[in-house]
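Reader: I am new to this structure. Please show me how to read it, one feature at a time.

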Amino acid sequence: MTGSIPLYPRRVSGEQSVNSAEAEEFLDRMFAEGAAPEGDRFETRLAEVRAEIAETGTYRHTAAELAYGARVAWRNSARCIGRLYWRSLRIRDRRRVTDPAAIAGECVAHLRQATRGGRIRPTVTAFAPGTPDAPGPRIHNEQLIRYAGYRLDDGSVLGDPRYAEFTERVRRLGWRPPERRGSFDVLPLLVETAAGEPRLFTLPPDAVLEVPLTHPDHRWFAGLGLRWHAVPAISNMPLEIGGVTYPAAPFNGWYLGTEIGARNLADEQRYDLLPVVAELMGLDTASDRTLWRDRALVELTLAVQHSFDAAGVALADHHTESHRFLSHVEREERAGRRCPADWSWIVPPLSGGQTAVFHRYYDEPDPAQRPAFLPPE
């Protein structure tokens, strides 16, 4: 996920009690959709939750409630084109894990289990929620895997400029970059719990599957030394279910090729590789009217798709995923549910007008819709 995210209003973990009306609304939806375990009764469970909130200010979700809530949060994600698969989300319940080192260890386990040698599986790991007594743990990284950005003396950045500030922050906290710095140095995890200051943890190499990028037609492309990681695991978006907020709930699907080729590697404020690719292609870059950017963008995205396919790593393409998203919209409408979507995120950044999702409007996103993965604090 790239780009800026608006901050929607919500409760702050550790400061307020759960609103029982939010819990009731969640349970009502869960039972209405037939997601409650067989034999459970809505009135009985609601009475238990109300009593627990009255006594403690919050309540503990059952395993079934956590799983249903996380999956529906994905279903409600207005900026995600891959929601057709929301029912397949695997839930890792780690609410009892509170030690920073153990949390980092579970993040590593999440990556290993989600990666599966390239057969990426959508996964979420839920750590302890915030309560009126204490906030839950936080993972400060935007994603579990991201690359460092080193500010150089001439003002340029080696690596990913988006994470230059974060790179400086973890270096101040004690992280030591590799002796030979590169453009794709994996950043450490920065984990914070209520018990103390944020702590750094290095991701082991076997937890980070990376794909070297080559091109099917241009042999010189391999010489650029580009690569990208296989699993996009968002780690700083709190998960809110029925009034309960989980500040640390890293989750992943799999990449869309345009996310890497047409945004991460192409955006001027990121790796800005279009001029490099265009020059090596021998394109005339003197004027934008030659469409050199467009031609280089296609080849860069093609290289990503070709490389992931060659490596046997799951990667969606924007044309196929557009058709699948419309299938999801149709399913939701048949189920009597709205399917809000942010058009500017659903339409891909490459050949948008050639994709099925371009030619229609969608229900506007509802910032109050829950369950939801929320923008970072």
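Reader: Is the crossing of α1 and α2 left-handed or right-handed?

Author: A crossing is left-handed if the near helix is turned anticlockwise from the far one by less than a right angle, and right-handed if clockwise. The crossing of α1 and α2 is right-handed. Before we go on, a note on the source: this is a predicted model, where local features need pLDDT of at least 70, side-chain atom pairs count only at pLDDT 80 or more, and totals for chains, interfaces and linings use all residues. Residues are numbered from 1 along each chain as its sequence is written, and side-chain values use heavy atoms, with hydrogens and water left out.

Reader: At what angle do the axes of α1 and α2 cross?

Author: Helices (H or I, at least four residues) and strands (E, at least two) are DSSP runs, numbered from the N terminus. Axes are lines fitted to C-alpha atoms, for helices over the stretch in contact, and angles run from 0 to 180 degrees between N-to-C directions. Helix α1 covers residues 20–32 and helix α2 residues 42–56; their axes come within 10 Å and cross at roughly 160 degrees. That makes α1 roughly antiparallel to α2. Angles under 35 degrees count as roughly parallel, over 145 as roughly antiparallel, 65 to 115 as roughly perpendicular and the rest as oblique.

Reader: Which residues make the contact of α1 and α2?

Author: Contact means heavy atoms within 4.5 Å. From α1 come Ser 20, Ala 23, Glu 24, Leu 27, Asp 28 and Phe 31. From α2 come Phe 42, Arg 45, Leu 46, Val 49, Arg 50 and Ile 53. By class, this contact of α1 with α2 has 7 nonpolar, 1 polar and 4 charged residues. Here Ala, Val, Leu, Ile, Met, Phe, Trp, Tyr, Cys and Pro count as nonpolar, Asp, Glu, Lys and Arg as charged, and the others, Gly among them, as polar.

Reader: How do the axes of α1 and α3 cross?

Author: Helix α3 (residues 63–75) has its axis within 11 Å of that of α1, and the two cross at roughly 90 degrees. So α1 is roughly perpendicular to α3. Phe 26, Leu 27, Arg 29 and Met 30 of α1 make the contact with Ala 64, Glu 65, Tyr 68, Gly 69 and Arg 75 of α3.

Reader: In what order do the strands of the open sheet lie?

Author: Two strands pair if DSSP finds at least two bridges between them. The open sheet has 3 strands in the order β3-β6-β7, and the pairing is antiparallel. β3 (138–139) and β7 (199–201) each have a single partner strand, so one side of each is left without a neighbour in the sheet. β6 (residues 189–192) pairs with β7 over 3 bridges. Within this pairing, Val 191 has Arg 199 of β7 as its bridge partner.

Reader: What lies across β3, β6 and β7?

Author: Helix α4 (residues 100–115) does, running at about 135 degrees to β6. Ile 103 lies in α4. Ile 103 is buried, at 0% relative accessibility. Buried means under 20% relative accessible area, exposed over 50%, partly exposed in between (1.4 Å probe, protein chains only). Beyond its neighbours within four places in sequence, Ile 103 contacts residues including Phe 127, Pro 137 and Val 191.

Reader: Which residues cover each face of β2?

Author: In a regular strand the side chains alternate between the two faces of the sheet. In β2, Thr 123 and Thr 125 are on one side, Val 124 and Ala 126 on the other, and all are buried. Thr 125 has a relative accessible area of 1%. β2 pairs with β1 (residues 90–93) in the parallel sense over 4 bridges.
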